[in-house]
Amino acid sequence: MIWPMSAGAGQDGPSVVAEGILATTPIATPEGWRPAGDLQTGAQVMTFDSGNQTVSQALTLSLEDPPPEFWPLRIPPWAMDNREEVLLLPEQKVLIESDCAEDLFGDPFALIPARALEGWRGIERCRPPPLLAAVQLRFVRHQVIYASRGVLLSCAGDALAESDWQARDYSICSLAQAQHMIVCLMAEEAGAALRRAEQHRQG
């Protein structure tokens with residue numbers, strides 16, 4: 001998705017890419033892990049719910065030097081079951097599975113904007129490397145795909161097909177809801193760490 005650089009920017013004003021998958025991100029395919037930038041229309045991609053699915057559109061967009069509020073999030077290795085460092089654009093939707101999501105929304109799976117992850121497990125903003133591009137993958141129907149082993153990323157479906165899409169009905173969180181969920185996760189993990197430390201001290 002392309003967003004205005006400021007709230008006052010009109011259709012002809014400056015804009016930045018805030019949603020999509022960075023071209024260097026490894027994506028799971030039937031042939032193995034491939035950089036998102038190598039995937040073209042017609043490519044097969046492994047999905048979370050629907051097995052292998054065909055990319056109906058692959059749009060590549062160059063990333064200029066955005067202001068800090070549009071910088072990507074740096075996901076350290078294994079912070080989200082990822083094998084290597086991953087960069088996520090701030091509005092890219094990520095699927096999170098947790099007991100906190102079930103407590104808050106009645107479903108253990110929730111789609112949240114990546115910017116809500118900031119501060120959790122060492123995740124932080126970073127200036128994007130130069131000459132980087134983002135890829136927006138689209139399928140006939142909405143899909144969730146695998147990136148760098150365990151990161152689950154949302155990809156849109158075609159507008160006409162989406163009108164009757166009911167495949168999974170994930171909870172789609174606003175930024176405020178997502179940030180609240182991440183705060184709950186941080187508190188939960190901090191409590192678990194304290195309990196382990198106390199058990200170690202007593203043992």
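1. In what follows, Ala, Val, Leu, Ile, Met, Phe, Trp, Tyr, Cys and Pro count as nonpolar, Asp, Glu, Lys and Arg as charged, and the others, Gly among them, as polar. By that division the lining of the largest pocket holds 9 nonpolar, 2 polar and 7 charged residues. The terms pocket and cavity rest on a 1 Å grid over the protein atoms alone: a cavity is a set of points where a 1.4 Å probe fits but cannot get out, a pocket is an open set with protein on both sides within 12 Å along at least five of seven lines, and lining residues have an atom within 4 Å of a point.

2. On the basis of the values: this is a predicted model, in which local features need pLDDT of at least 70 and side-chain atom pairs count only at pLDDT 80 or more, while totals for chains, interfaces and linings use all residues. Residues are numbered from 1 along each chain as its sequence is written, and side-chain values use heavy atoms, with hydrogens and water left out.

3. The protein chain contains 3 helices and 16 strands, where helices (H or I, at least four residues) and strands (E, at least two) are DSSP runs numbered from the N terminus. Of its 203 residues, 44% count as buried; buried means under 20% relative accessible area, exposed over 50%, and partly exposed in between (1.4 Å probe, protein chains only). Among contacts (heavy atoms within 4.5 Å) with a separation of 6 or more, 59% join residues 24 or more positions apart. The accessible surface of the chain is about 10,700 Å², with 52% of it belonging to carbon and sulfur atoms; these areas come from the Shrake-Rupley method with a 1.4 Å probe, and for residues only the protein chains shown count as cover.

4. Returning to the largest pocket, its volume is about 320 Å³, a volume being the space filled by probe spheres set on grid points that are joined across faces, edges and corners. Its lining comprises 18 residues, and those nearest its centre are Leu95, Ile96, Glu97, Trp120 and Arg121. Strand 10 (93-97), strand 15 (151-155) and helix 3 (175-202) are the elements that give two or more residues to this lining.

5. The second largest pocket has a volume of about 280 Å³. It is lined by 15 residues, with Glu19, Gln136, Leu137, Arg138 and Ala156 closest to its centre. Two or more residues each come from strand 7 (52-62), strand 13 (133-139) and strand 15, and strand 13 gives the most, with 4 residues. The lining here divides into 7 nonpolar, 6 polar and 2 charged residues.

6. How many cavities of 30 Å³ or more are there? The count comes to 2, and the second largest cavity holds about 30 Å³ of space.

7. A nonpolar core is a set of buried Ala, Val, Leu, Ile, Met, Phe, Trp, Tyr and Cys residues joined through side-chain atoms within 4.5 Å. The largest one has 40 residues, and Ile112, Leu117 and Leu137 have the most contacts inside it. Beyond its neighbours within four places in sequence, Ile112 is in contact with residues including Val94, Ile96, Leu117, Cys173, Met181 and Ile182. Another core, of 9 residues, lies apart from it and includes Val17, Leu22, Leu61 and Ala134.

8. Leu61 lies in strand 7 and counts as buried, at 15% relative accessibility. Leu61 and Ala134 are 73 residues apart in sequence, yet their C-alpha atoms are 5.2 Å apart in space. Ser154, in strand 15, is buried as well, with a relative accessible area of 12%. Not counting residues up to four places away in sequence, Ser154 touches Gln92, Lys93, Leu111, His142, Gln143 and Val144.

9. Two backbone angles deserve a look. Asp81, which is not a glycine, has a positive phi of about 65 degrees; Asp81 sits in the loop between strand 8 (73-75) and strand 9 (86-88) and is partly exposed, at 36% relative accessibility. Arg149, likewise not a glycine, has a positive phi of about 85 degrees. Arg149 belongs to the loop between strand 14 (143-147) and strand 15, and its relative accessible area of 34% makes it partly exposed.
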